[in-house]
Amino acid sequence: MTSSPPHIPLVDLLAQYQAIKAEMDQAIQGVIESGHFIGGEPVRKFASEYAAYCQVPYCIPNANGTDAIELALASLGIGKGDEVIIPAFTFVATLEAVCNVGATPVLCDIDPHRFTIDPAKAISLVTPATKAIIPVHLYGQMADMDPLIAYTSDNSMFVIEDAAQAHGATYKGQRAGSIGDINTFSFYPGKNLGAYGDAGAITTKSEWLYTKVFKMVNHGRIAKYDHEIVGRNSRMDTLQAAILSVKLHHMEEWTRKRRAIADRYRLLLADVEGIQLPKAYADSPGVYHLFVIRIEKDKRDDFRSFLKAQGIETGIHYPISLSRLKVTTDQLNIHTHCPESEKASEEVVSLPIYPELTPDLQDYICDHITNFFK
Ligand SMILES: Cc1ncc(COP(=O)(O)O)c(C=O)c1O
């Protein structure tokens, strides 16, 4: 009798819930029984815990990571007539946020090993209209921040870290979300720290920016009905804050496990000819939101189908470089060639990675990858 193959998802949120079910159920029940669903102690508590986690004095929880970028840009007064440099290889949200404040996105190519913005290329794109650079810490790997910070602080420009994929990552000892002027996170469910719905946050060291964004996310007010500026509703729900506080206490352990899984992939796949493993950076250890390998573009579809037939899910983050998206070329009329981003979009494959992935399942994945290339 042949047994059916296991199903190995890219991310297993049910396994995570089962591991923390008792404390999670209690936290959710606590909010429901409090009868308070907007603001309140759970949101304040998460804000202070997450600020501490990011090693910054201030965190403003908000509704989602896309809004967080838009709020960060708007808080710096960036809008019409301004240019903002972003990597061409990221989720579309970074581009949308720039457009939605009325500024012009300028696409910059990536460092092909780190998959993050190439600092030298970013600096070469600066014009008198450039107001900010948004490095995105893709896949949990922080961008090379020092050259960007050195250049922008000498030239009166801002840096906004898009840390949506990098909760807890560090760069030369500094946590993601603690280096730029104002920085953003997403807690989309599949992120390393994920809510049970949409949620995001903004972190900063500046009290002035904190106060401004604190008002912006909640109808321009601090006190009820005392509206001081034109704001919006981009609050984080009380339930999501309670959920995130529970999960935050597990983050160190989960990150350790993700790193161990990444190390094991490197070990088990080291001799497989035909794949390129992600590079590890000793001074900026990643948190492996995704474990992304590169393979020849002509083999990618067959590779994914082969693994799928064995029950192994894979993903492509991202199949189209921002420089080639229709929104960029057709709607925004931006025509930029970003060769490394475009090449990466044709070659990347994300393998399953989540803290609950067992060594047995990982062996199974690696055996099949090895067989494919034999
Ligand atoms: C790099 C990056 N930036 C921004 C976002 C947007 O976050 P959200 O989905 O919470 O709006 C995401 C999330 O998918 C992301 O991966």
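At what angle do α4 and helix α5 (residues 93-100) pack, and how far apart are their axes?

Modeller: This is a predicted model, and what follows should be read with that in mind. Helices α4 and α5 pack at an angle of about 40 degrees, and their axes are 8 Å apart. The crossing in which α4 passes α5 is right-handed.

Helix α4, residues 65-75, also matters for your request in a direct way: with three residues, α4 gives the most to the shell around the ligand. That shell holds 15 residues in total, and the closest are Gly65, Thr66, Asp162, Ser186 and Lys191. Sorted by class, the shell has seven nonpolar, six polar and two charged residues.

Gly65 uses its backbone, where an N or O atom lies 2.8 Å from an oxygen atom of the ligand. Ser186 uses its side chain, with a polar atom 2.7 Å from a ligand oxygen. For Lys191 the side chain is again the part involved, with an N or O atom 2.9 Å from an oxygen atom of the ligand. On its own the ligand has 390 Å² of accessible area, and the protein covers 93% of that.

Other helix pairs can be described in the same terms. The axes of helix α3 (residues 41-53) and helix α9 (residues 238-248) come within 8 Å and cross at roughly 40 degrees. That makes α3 oblique to α9, and α3 passes α9 in a left-handed crossing. For helix α11 (residues 300-309) and helix α14 (residues 359-373), the axes come within 10 Å and the crossing angle is roughly 135 degrees. This value makes α11 oblique to α14 as well, and the crossing is right-handed.

Two points in the backbone deserve a check by eye. Most residues other than glycine have a negative phi, and most peptide bonds are trans. Tyr288, however, has a positive phi, near 50 degrees. Tyr288 is placed in the loop between β10 (275-276) and β11 (291-295). The other point is the peptide bond that joins His317 and Tyr318, which is cis, with omega about 20 degrees. Tyr318 sits in the loop between α11 and α12 (326-331).

Methods:
Residues are numbered from 1 along each chain as its sequence is written. This is a predicted model: local features need pLDDT of at least 70, side-chain atom pairs count only at pLDDT 80 or more; totals for chains, interfaces and linings use all residues. Side-chain values use heavy atoms; hydrogens and water are left out. A residue is near a molecule or strand if one of its heavy atoms lies within 4 Å of it. A polar contact is a pair of N or O atoms within 3.5 Å; within protein, one must be able to donate a hydrogen and the other to accept it, and residues adjacent in sequence count only if both atoms are side-chain atoms. Accessible areas come from the Shrake-Rupley method with a 1.4 Å probe; for residues, only the protein chains shown count as cover. Helices (H or I, at least four residues) and strands (E, at least two) are DSSP runs, numbered from the N terminus. Ala, Val, Leu, Ile, Met, Phe, Trp, Tyr, Cys and Pro count as nonpolar, Asp, Glu, Lys and Arg as charged, and the others, Gly among them, as polar. Axes are lines fitted to C-alpha atoms, for helices over the stretch in contact, and angles run from 0 to 180 degrees between N-to-C directions. Angles under 35 degrees count as roughly parallel, over 145 as roughly antiparallel, 65 to 115 as roughly perpendicular and the rest as oblique. A crossing is left-handed if the near helix is turned anticlockwise from the far one by less than a right angle, and right-handed if clockwise.
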